[in-house]
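Work through the exercises below with the sequence and the model at hand. Each one sets a task and then gives a solution in steps.

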Amino acid sequence: MIEILQWSTLATCGLIAAARVPSAIRGENRSLFYIFALMTVAILLSIEAPYLVVDAALGGVNLANLLLRFIIFAAIYFVGIRVTRGFGADHAYRLITGKTGMAVLLVISLVMVGVFFLIDTSGSSAGLSAVSGKSERNFVLVEYYGAAGRAYPSYVSLVLLPAMVRAVGSRLPVLVRLAAGLLAVGGVAIALTLLFPVVPPEWGAVEFIINYTAVLCFVVGLALIWAARVRSRRRPGAPKTSTEM
Amino acid sequence: MTLPAKAFQRWLQGVAPEASTADVCRISGIKRTTLAQQLVRGKVSVTTVVSISRAYGINPVAALADFEAYRQLADPQPPPTRCELVSQISTADLLEAVLARPAMDPGSEAGDVPPALSPAPHATSVKNWVDAIDDGEVRHRVSAATGIAPQNYSAQLTANRLTAELAVATARAAGVGLADGLVATGLVTEREAGWAPGARRAALDSLSDGDLAVLAGDRLQALGKVLRRQEQDQAQTEKIWENLG
């Protein structure tokens, strides 16, 4: 079940990234292509088999996990910028790119890197599950490391949430409102990841489902906006005729 | 909103006793699948009855009066008020009438034959009609009488729509001719509702220059608001395309 979710998420994301290659080459909104590409890489690295291959190349001390965290940070940062710009959420934009946003990013990154190097990280293991089991100390450190890694995406998605909720209730095209709804659900899912430390271990599957729901919602939401634009181009002037009455 | 299929069958028996369903559809131009679906669901739309009665040379208002919910349409109705008549003149025709008034251009010669008014309904005819008959409490009374939520009622008016049932209920609440709302929604024509030919032109001509100018101003202001809102929505959508499309 979880494997299916992982690979289908990867496939969805990879397909969308591939589909954006032509427009990226034409120079239209390249950053969207980067977002999809980064997300694809992030999902790839969160799956056991590819993770082991990449980590082996990086020395087998789970540096790939740290890399994964920063790829996620980069992707969510660009998502935040694009979405706040697009939806005209100036306040949210400042909260992400302004001093507050930078401070949050810096502090979280420092904590994350610091904790990472305190962990005895030898022995490749996706999600650091084997590393966490090595000792009581490692277990606690991995929990903190994970929390730091989830903190920045949660911050950005919570900042985005009000603008998305507003957009759902607006008079924008239906597809765009649907997309905003998906981004909002994804944002809530990411924010929920902050609660993982209190989730009982036997509910491990819930964590996976929330993680991949969040990624899927974001990716599909962004793709929907793109689809809405393509659709509006196909019937040029359709929304405009009413303005010309 | 819809009429019970049983009552419809009985009515159809009286109108076209010999005709098969296929004949009725062919003559009235209704798609066979549409009528079949309505009969299966047990709910026949009001427009179906209007189309069929027109095809068989029956006044659609009289035809509707054969149904329980619309029985009162058969009672003698008061003629439309001047406000109602003027409300069913399109904004473009009103503006043209303003320009044709000697007060607008004292140098010009009167006596040109005024161009014919375009037939009701027009782009904002439903809202203009309700505004014309509203004593300030009509919307309230309609929602009390029919149970429709005020915001749903307003939404219909804004979309220039009103179900036949609500149109009749509104007319009843305002104490005007019960078929008048059906004209405003475009379900029946002025003539079918018993409005005298040329009544709208006469009402328009009876307006003083001042009243006409103020009325046209109100219409322009409302139009301006709608257009501005559409332009803002459009601009916001463009911004989303630009950043996320």
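**Exercise 1. Determine how many helices and strands chain A has, and in what pattern they follow one another.**

Solution. Take helices as DSSP runs of H or I with at least four residues and strands as runs of E with at least two, numbered from the N terminus. On this basis chain A has 11 helices and zero strands. Along the sequence the pattern reads α-α-α-α-α-α-α-α-α-α-α.

The model is predicted: local features need pLDDT of at least 70, side-chain atom pairs count only at pLDDT 80 or more, and totals for chains, interfaces and linings use all residues. Residues are numbered from 1 along each chain as its sequence is written, while chains are lettered from A and ligands numbered from 1 in the order in which they are written.

**Exercise 2. Decide why chain A counts as compact for its length.**

Solution. Compute the radius of gyration over C-alpha atoms, and the globule rule as 2.2 Å times the number of residues to the power 0.38. For the 245 residues of chain A the rule gives 18 Å and the radius of gyration is 19 Å, close to that value, so chain A is as compact as a globular protein of that length. Next, take the spans of the C-alpha trace along its principal axes: about 70 × 35 × 35 Å.

Then count burial, where a residue is buried if 20 or more other C-beta atoms, placed from the backbone, lie within 10 Å of its own. By this test 41% of the 245 residues of chain A are buried.

**Exercise 3. Describe how domain 1 of chain B meets domain 2 of chain B.**

Solution. The bounds, from an automatic or database domain assignment, are 2-74 for domain 1 and 82-206 for domain 2 of chain B. Their C-alpha centres lie 27 Å apart. In the contact, 10 residues of domain 1 meet 10 residues of domain 2. On the domain 1 side, helix 4 (46-55) and helix 5 (60-65) of chain B each give two or more residues; helix 4 of chain B gives the most, with three. The classes on that side are seven nonpolar, three polar and no charged residues.

How values were computed. A residue is buried if 20 or more other C-beta atoms lie within 10 Å of its own, exposed if 12 or fewer, and partly exposed in between; C-beta atoms are placed from the backbone. Two residues are in contact if their C-beta atoms, placed from the backbone, lie within 7 Å. Ala, Val, Leu, Ile, Met, Phe, Trp, Tyr, Cys and Pro count as nonpolar, Asp, Glu, Lys and Arg as charged, and the others, Gly among them, as polar.
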